[in-house]
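Visitor: Could you walk me through this one? I'd like to begin with a pair of helices.

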Amino acid sequence: MKTSCSNRNISLGSFTAMLVATGAAAQVADVPTLKNAYKHHFQIGVAINRAVSTGEANGNRTSELVQKDIALTKAQFNQISPENDLKWESIHPREGADGYNFGPADAYVEFGRKNHMLIVGHTLVWHGQTPRWVFAGTTPPSDSSKTLSQTPAPPANGPGANPGGGRFGRRFGGFDINGPHATREELLQRMREHIHTVVGRYKGKIKVWDVVNEAISDGGPNTLRTSPWEQIIGPDFIAKAFEYAHEADPGAILRYNDYGLENPAKRRKLITLIQELQAKKVPVMAIGTQTHVSVSSPTFEEEDRALTELETLGLPIHVTELDVNGAQGGQRSNGADIANNATTTQGGLVDDANQRLADQYANLFKLFLKHKSVKVVTLWGINDGVSWRANGKPLLFDGNDQPKPAFDAAIHVANSKAPSSK
């Protein structure tokens, strides 16, 4: 689908200036906003970094750019997710009750409350970005198996992840699961204490939690990937995590979150897993599909089929980490493997990248409108400059917070009378 840009009434150059000048661009009459365009359909959100939540410059963002990022976030979005500040290694880096670092997470939650946004917590239980002390102990591997697992699995993955050294299946962020480890009871107690402390602290403030993240295997016959959680506790670690989160805040929406659900085989595993949890009355309340895709894949029909099959679970669908990779190296991947990120963003942009990006975003937003079960759509980053796939230019705004043709495509879809197939 070719997308017209005629619906915008201001110049791209004046757009950012208006954001900075007003600090509340949603109130500026002629500036289209995603949150207004989709207000009758779903929450429209964005993952924010610490610079946005605290207002302090860091990395490659100057103070001026950070202020633009903040203004753009307020203007365009009504929901936020944290890129890293609620992950275990950030909020609970050291063992014990005094091992928490709540400052950055508190700032994130306060930013959302102050700006009247739906606040998401990401993430409670994940194999990535979890300190090695969480799994450490004195229990040796069982004599019968010699090692906890002989099954190879992919590297630790996910936007912002730091997989550490070694091969997945043996080492997780420096932890060797084939060496001494915690007992099942010890690890369950650490999980429960962490979840009760973190979820309890933000009870009533964080409304949605990614309880378990990326537990499904990418390939092979096993439903679950090899991880310390699965190896030490067993497959019921997922049910336990949801149980503990529900204890800590019975009013929160609890979701399971994963990537690559555009892949039919992985999607079948997800559906099987959730159906088993539902049969056991585990409080899984929403499905998070990350939707790290490319300008080439999936097609309209493939994504339509994916959402249709996910809807058979009878749960709300949250698009949790949306971006569209325009780099040549990433056109065959819908994964979220940080270890392969250099490969998936290499080779420069595809030909006619801006138009293809706009076309893909148009298709995706048409599908999100078509599927009424989609209740939240979250972009993974405010702009290309802060994206984990910056070289793939995957977002709706460029590094200077100026809207791209893909932004116009998303607005155009919302303004169309009714979504339809191509």
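This is a predicted model: local features need pLDDT of at least 70, side-chain atom pairs count only at pLDDT 80 or more; totals for chains, interfaces and linings use all residues.

Guide: Helix α11 (residues 300-310) packs against helix α13 (residues 353-370) with axes 10 Å apart and an angle of about 30 degrees, where axes are lines fitted to C-alpha atoms over the stretch in contact and angles run from 0 to 180 degrees between N-to-C directions. Helices here are DSSP runs of H or I with at least four residues, numbered from the N terminus.

Visitor: So how are α11 and α13 oriented to each other?
Guide: They are roughly parallel, a label for angles under 35 degrees.

Visitor: Which residues make the contact?
Guide: On α11 they are F300, E303, D304 and L307, and on α13 they are N363, L364, K366, L367, F368 and K370, with contact meaning heavy atoms within 4.5 Å.

Visitor: Switching topic, is F172 buried or exposed?
Guide: F172 lies in strand β4 (residues 171-172) and counts as buried because its relative accessibility is 3%, buried being under 20% relative accessible area with a 1.4 Å probe and protein chains only.

Visitor: How far is F172 from H127?
Guide: Their C-alpha atoms are separated by 7.2 Å, although the two are 45 residues apart along the chain.

Visitor: And what percentage of the chain is buried?
Guide: Buried residues make up 58% of its 422 residues.

Conventions:
Residues are numbered from 1 along each chain as its sequence is written. Side-chain values use heavy atoms; hydrogens and water are left out. Buried means under 20% relative accessible area, exposed over 50%, partly exposed in between (1.4 Å probe, protein chains only). Helices (H or I, at least four residues) and strands (E, at least two) are DSSP runs, numbered from the N terminus. Angles under 35 degrees count as roughly parallel, over 145 as roughly antiparallel, 65 to 115 as roughly perpendicular and the rest as oblique.
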